[in-house]
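Biologist: I am new to this structure and would like to learn how to read it. Could you take me through some of its features, one by one?

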Amino acid sequence: MSSFQDSLQKFKKQQEKCQSTLVSMAAKAGPSKAAASPRPAVAKPPAPAVKFSNDTERLQHINSIRKGPVGAQIKRVIDLLLETRQAFTPQQINEACYVDINGNKAVFDSLRNNLKVHYDGNRFSYKSKHALKNKEDLLKLVRRYTEGIPVIDLKDAYPTVMEDLQALKGAGQIWLLSNFDSQEDIAFPNDPRVPIKVDDDLKQLFRGIELPRDMLDIEKDLQKNGMKPATNTAKRRAMAQVHGIAPKPKTKKKKHEISKRTKLTNAHLPELFKL
């Protein structure tokens, strides 16, 4: 009987020991977590497609410029310098108009020796025939050319030179007269120190003089009176014949014959009727 009791006590101790072991294991593992419900998979954005260069047209354009004639490349550079009126390094010119000056010796040498380009050893800039900056400089220059200066030599002096020429003409400080041969305007100074007032009757007399129809006759009359003509019609016509340019037909002026019905008056001489 005693052995049975001893066995029972051992069994209880084993049960208690197992129970304590289970409790300690549960404490170390922590509280049990409920199984999480599966979340729906979030769709990831598609990876961006590989983007190739879209500058194909621009690169083709640049290549066509650099493969083009030297003269065309020089014109692009000069146009850039004229429009901006700034000084550019070769690298800046390449970025602005795609002309690779450093990579083309012919273009570099031509620009350096061009009459319209100034090169200081580092930068290129536009060079006009006359170094003018404003209207005051323009007026001083025209006054130095008493026999006139062609407007074509002034057009690229600075951006607003043509507007200033018209302003000076409107103010009566210069004259703009057309050359008969070239049809180009010539700027003449109008000296304000010599104001000349012409009587109306002298103006009418001057305007009433009928000039010869042929410029050759006008030039001969000028030479007879000791004046040098500004034109050379004979030379101009000879050059036109060499180049195969047909002369303009002369227009004959219709003569008004005096008849019985013609009314003769002296209306053009009103001073004869003043008492």
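Biologist: Where is T233 placed?

Modeller: T233 lies in helix α10, residues 233-242. Helices (H or I, at least four residues) and strands (E, at least two) are DSSP runs, numbered from the N terminus. This is a predicted model, where local features need pLDDT of at least 70 and side-chain atom pairs count only at pLDDT 80 or more, while totals for chains, interfaces and linings use all residues. Residues are numbered from 1 along each chain as its sequence is written, and side-chain values use heavy atoms, with hydrogens and water left out.

Biologist: Is T233 buried or exposed?

Modeller: Buried means under 20% relative accessible area, exposed over 50%, and partly exposed in between (1.4 Å probe, protein chains only). T233 has a relative accessible area of 0%, so T233 is buried. Contact means heavy atoms within 4.5 Å. Leaving aside neighbours within four places in sequence, T233 is in contact with M215, L216 and E219.

Biologist: And what about L115, buried or exposed?

Modeller: L115 is exposed, because its relative accessible area is 72%. L115 sits in the loop between α5 and β1 (117-119).

Biologist: At what angle do α3 and α5 pack?

Modeller: Axes are lines fitted to C-alpha atoms, for helices over the stretch in contact, and angles run from 0 to 180 degrees between N-to-C directions. Helix α3 (residues 70-84) and helix α5 (residues 105-112) pack at about 50 degrees, with axes 10 Å apart. Angles under 35 degrees count as roughly parallel, over 145 as roughly antiparallel, 65 to 115 as roughly perpendicular and the rest as oblique. α3 and α5 are therefore oblique to each other.

Biologist: Which residues of α3 and α5 meet?

Modeller: V70, Q73, I74, V77 and I78 in α3 meet A106, V107, S110 and L111 in α5.

Biologist: How do I read a sheet?

Modeller: Strands of a sheet pair through backbone hydrogen bonds, either parallel or antiparallel. Two strands count as paired if DSSP finds at least two bridges between them. Here three strands form an open sheet in the order β3-β5-β4, with antiparallel pairing. Its edge strands, each pairing on one side only, are β3 (149-150) and β4 (174-178). β4 pairs with β5 (residues 185-189) over five bridges, and L177 stands opposite I186 in β5.

Biologist: Which helix packs on the sheet?

Modeller: Helix α6 (residues 135-144) does, touching β3, β4 and β5. The direction of α6 makes about 90 degrees with that of β5.
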